[in-house]
Structures are given as C-alpha cells and as structure tokens.
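Hello,

Here is the structure I said I would pass on. Please open it first, then read my notes below.

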Amino acid sequence: MTSDLLPNGPLAAHTVHLCVDMQNIFAEDTPWHTPWMKRVLPVVTAIVERHAERTIFTRFIPPAEPQRMPGAWRGYWERWKELTTDRIDPRLVDLVEPLGKFVPPATVLDKPFYSPFHAPPIATMLRERGADALVISGAETDMCVLAAVLDAVDLGLRVVLPVDALCSSSDEKHDALLALYRDRFSQQIETADAETILRCWL
C-alpha cells in the first residue's frame, strides 16, 4: 500500500512542490558551484514533470550592490561582491535547463534571502493552492533548503524531502542535515526517495 511508504501516509493532490534555487549560478563554474546539482537534476525534473502546476521554483537573487542589504547581509555581500547582479551575467540567476520550460504552469518566486518564506507572495501562493504539505527539493541542503524546511515546519506544514533531489557543495553537511532531520525532526519532516514520494502523491 502506498500509504505505508511515508510515515504520515499519502500526499494529497494539493501538496505543493517547492523547488529551491536550481539556478545556473550554482550549476556552472562560479564560486558557488554545487558539483552534484547536475546529478540530481534528472530527479528534480521528474518531480516537476509529474506536478508542474503544483511546482513553485525559487530563485536566490543577489542585490545590485552590498549597500542595499540590511545588517549582516551587507558584510555577506561584501564578501561575495563578485556575485552581485551589477557584476554577473544576468543569465546566471535563471533556472537551469530544462526546468525553465515548465514555467508556466509552474511559477517562479524570487527571494533576496535564504528562505522563501520571507517573500510575502509565497503565503498567497500556498493559500491559493490549498497547500498543507510541501515536497522540498533543490539546493543547497545545508543553506537555502535548510532555511525553507525550518520555516515550513514552524508554519505547521507537512514537509517531505526527496533525498535524491537535494544537493550541496558539501557531502558531509548534506549527510549531517539528513541525519538531523531523521533523528530530531522525524515528527515533522519525512524523508524518502523521489520515486517513493511520487507513488504516494495522489
């Protein structure tokens, strides 16, 4: 029975797929290169193909210059000044191919911070879709995905992570986060491979 495959049973049809920051800036030869994004891309694509109309892609958008950001973010962008939008090829903030071809019916949410939940439109998007559960994929497991996961948990959303559709530039941190989710957040975060999740998504 598919209901036995995830701890909290099957996923309802109104579950939303939140695909975090699958962008050229992480896929290509930049200081933020995530080497195995290419490896998880076919898995992410398979999820999107099945549920394009239920997919929200996020894009992490750098500021034009560090001075436009608040507080500690200003120092962060001084460190990564070479990746501000005044200096990079605009194409780098785009979704990696072939994900862009799914927009529409998938939608895109741009964000200036790690978590998409600091971008007000996401509340409207989730409400319009009647979402009470998120399947979260993308990059990086220990950065923007982490921020999205914990904010979703705090909002009371069911969170399901396809472990083969997540990637990081650090294997060690990726593995540590998955262990943390399983050991400390098992009541609120479920992990499984993408095939299992798709079988459980009604």
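Start with Met22. Leaving out residues up to four places away in sequence, Met22 touches Met37, Val40, Leu41, Val44, Thr58, Asp94, Leu95, Val96, Leu99, Gly138 and Ala139. Contact here means heavy atoms within 4.5 Å.

Two notes on the source. This is a predicted model, in which local features need pLDDT of at least 70 and side-chain atom pairs count only at pLDDT 80 or more, while totals for chains, interfaces and linings use all residues. Residues are numbered from 1 along each chain as its sequence is written, and side-chain values use heavy atoms, with hydrogens and water left out.

**Cores**

Met22 belongs to the largest nonpolar core, which has 42 residues. Such a core is a set of buried Ala, Val, Leu, Ile, Met, Phe, Trp, Tyr and Cys residues joined through side-chain atoms within 4.5 Å. Buried means under 20% relative accessible area, exposed means over 50%, and partly exposed lies in between (1.4 Å probe, protein chains only). Leu11, Met22, Trp32, Val44, Phe57, Trp77 and Leu99 touch the most other members. Several elements give two or more residues to this core, including helix H2 (37-50), strand E2 (55-60) and helix H3 (72-79). H2 supplies the largest share, six residues. A second, separate core has 27 residues, among them Val20, Met125, Ala131 and Leu166.

**Overall fold**

The chain has seven helices and seven strands. These are DSSP runs, numbered from the N terminus: helices (H or I) have at least four residues, strands (E) at least two. Along the sequence the pattern is β-α-α-β-α-β-α-β-α-β-β-α-β-α. Buried residues make up 51% of the 202 residues. Of the contacts with a separation of 6 or more, 77% join residues 24 or more positions apart. The C-alpha atoms fill a box of roughly 50 × 35 × 30 Å along the principal axes.

**Aromatic pairs**

There are 12 aromatic pairs. Rings of Phe, Tyr and Trp (its six-membered ring) pair if their centres lie within 6.5 Å; planes under 30 degrees apart are stacked, over 60 edge-to-face, and the rest tilted. Phe60 and Tyr114 have ring centres 6.2 Å apart and planes at 35 degrees, so this pair is tilted. Phe60 is in strand E2 and Tyr114 in the loop between E3 and helix H4 (121-128), so the pair ties together parts 54 residues apart in sequence. Phe60 is buried at 2% relative accessible area, whereas Tyr114 is partly exposed at 24%.

Trp73 and Phe113 form a tilted pair, with 5.5 Å between centres and 45 degrees between planes. Trp73 sits in helix H3 and Phe113 in the loop between E3 and H4, 40 residues apart. Trp73 is buried at 18%; Phe113 is partly exposed at 23%.

**Two more residues**

Is Lys111 buried or exposed? Lys111 is buried, with a relative accessible area of 1%. It lies in strand E3 (107-111). Its contacts beyond four places in sequence include Asp21, Phe60 and Cys144.

Val163 is in the loop between strand E5 (158-162) and strand E6 (166-167). Val163 is partly exposed, at 21% relative accessible area. Its contacts beyond four places in sequence include His174, Leu178 and Arg182.

Best wishes
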